[in-house]
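Please read them beside the coordinates.

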Amino acid sequence: MDEDRLARVALTWLFEPGTRAVFRLVRQFGAVGALRRLLTGKVPDHRLRATVESRLAAGDPWQVALAAAEQTERLGARVVTPTDPEWPTRLRSLDRLTLPSAGRRVDQETAPPLCFWVRGAWSLGEALQRSVAVVGSRAATSYGLHVATEIAFGLAERGWTVVSGGAFGIDAAAHRGALNAGGLTIAILACGVDRPYPMGNTALFDRISDAGLLISEWPPGAEPLRPRFLIRNRVIAAATAGTLVVEAAARSGATQTLRRAIAMKRPSMVVPGPVTSAMSVGAHELLREYPEARLVTGVPHVLEEVGRIGADLAPPVRGPDRPQDALDDESALILESVPRRGPLGPDVLAARTGLDLRTALRKLSLLEQLALVVRRDEGYVLAPAATRPSRAPAGPRGEPT
């Protein structure tokens, strides 16, 4: 590794990713200059000085960085920095991310990453160019797992990368759906890329590293500490073209991911669930709280939000086409009045509908040609195969309104 890369690794070891004061130092003095200032105490922020002093008791940052570099090479992984061509450009949005009512440190320290550890052959920036985050509850229901798998499969089939966090439940279903479609998926981890968490998904992580990418802001060997999942979630929201929550309980971390996407004005989507399900409470609250969050039910809706403007539009929802759908109002009125049994003559049908006899005969002839009515000696009856339209008022083309 070059000196800049080693300095970024050392800074990531000294401070948790997202620390804004560190990011500002790197932007002002470069990674090497920022590290040297921090190690010599030449920074005004007393919290930074205290953190460095505490961490130095555990080792020398340069030596730690060299050891991490060797371990990275043994893993067949690589360290990607903002100066590399494959760095994802969308991450710049984190520099401007401000969360409303950010009382917790994890909601304040949302600066862009200094570097990533990456396992997998794909170019990181290329893989994230057309990507959607699919996140949700770990304790997912069968409904949520089905929806996440179907949507991820459909997105991957259409050339979109599916991004998630590698957890049990919705995350794992999204990854598997993309892999089963032969598509690309990325797991953004809250620990080292050499020890994916949870261990129960080890086989899944192996598949992802072979066919997609495993990435992390933490060096190899880093533990999956609880705060790191929320730190990681800002990257999931920032690196993708849009974020979709499939299922989320009231306190789910997935809701935090969507809030970060909303704050960056990224397409933010929620799949509705049963109102009786605790696993959909958080998802429904997002829809109530944020007017910009869109309700989606499948791949067409997702693509309408993240795809090309005016091109990736979801088709209008409608039932199957029926012959009577194209009828004009008068023909639909006659059809509605024809009985299934006990034929009625044209004069009776004309009286029932308020049409003159000539118009009734003309419309009955049309309905007979469409095989919607049958003429008998005594009059007309509804054809056996015809389906009587709804008794709601007819629209301009004879469709019930």
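1. In which sense do strand S10 and strand S11 pair, and over how many bridges? Strand S10 (residues 373–376) and strand S11 (residues 379–382) are antiparallel, with 4 bridges between them. Val374 has Val381 in S11 as its bridge partner, and a hairpin of 2 residues links S10 to S11. Strands here are DSSP runs (E, at least two residues) and helices likewise (H or I, at least four), numbered from the N terminus; two strands pair if DSSP finds at least two bridges between them.

2. The basis of these notes is a predicted model, in which local features need pLDDT of at least 70 and side-chain atom pairs count only at pLDDT 80 or more, while totals for chains, interfaces and linings use all residues. Residues are numbered from 1 along each chain as its sequence is written, and side-chain values use heavy atoms, with hydrogens and water left out.

3. Strand S3 (residues 131–135) has 5 of its 5 residues buried (under 20% relative accessible area, with exposed over 50% and partly exposed in between; 1.4 Å probe, protein chains only). In a regular strand, side chains alternate between the two faces of the sheet. On one side of S3 lie Ser131, Ala133 and Val135, on the other Val132 and Val134, and all of these are buried.

4. S3 runs parallel to strand S4 (residues 161–164), with 3 bridges between them; Val162 in S4 is the bridge partner of Val132. S3 also runs parallel to strand S7 (residues 243–245), again joined by 3 bridges, and there Val135 lies opposite Val245.

5. Together with helix H7 (residues 142–157), S3 and S4 form a right-handed β-α-β unit. Right-handed means that, with the strands pointing away from the viewer, the path from the first strand over the helix to the second runs clockwise.

6. How do helix H8 and helix H9 cross? The axes of H8 (residues 170–180) and H9 (residues 202–211) come within 11 Å and cross at roughly 45°. The two helices are therefore oblique to each other. Residues of H8 that meet H9 include His175 and Leu179, and those on the H9 side include Leu204 and Ile208.

7. Thr81 sits in the loop between strand S1 (78–80) and helix H5 (105–108), and is buried, with a relative accessible area of 0%. Beyond neighbours within four places in sequence, Thr81 is in contact (heavy atoms within 4.5 Å) with Arg5, Arg8, Trp87, Leu114 and Cys115.

Methods: Axes fitted to C-alpha atoms, helices over the stretch in contact; angles between N-to-C directions. Parallel < 35°, antiparallel > 145°, perpendicular 65-115°, else oblique.
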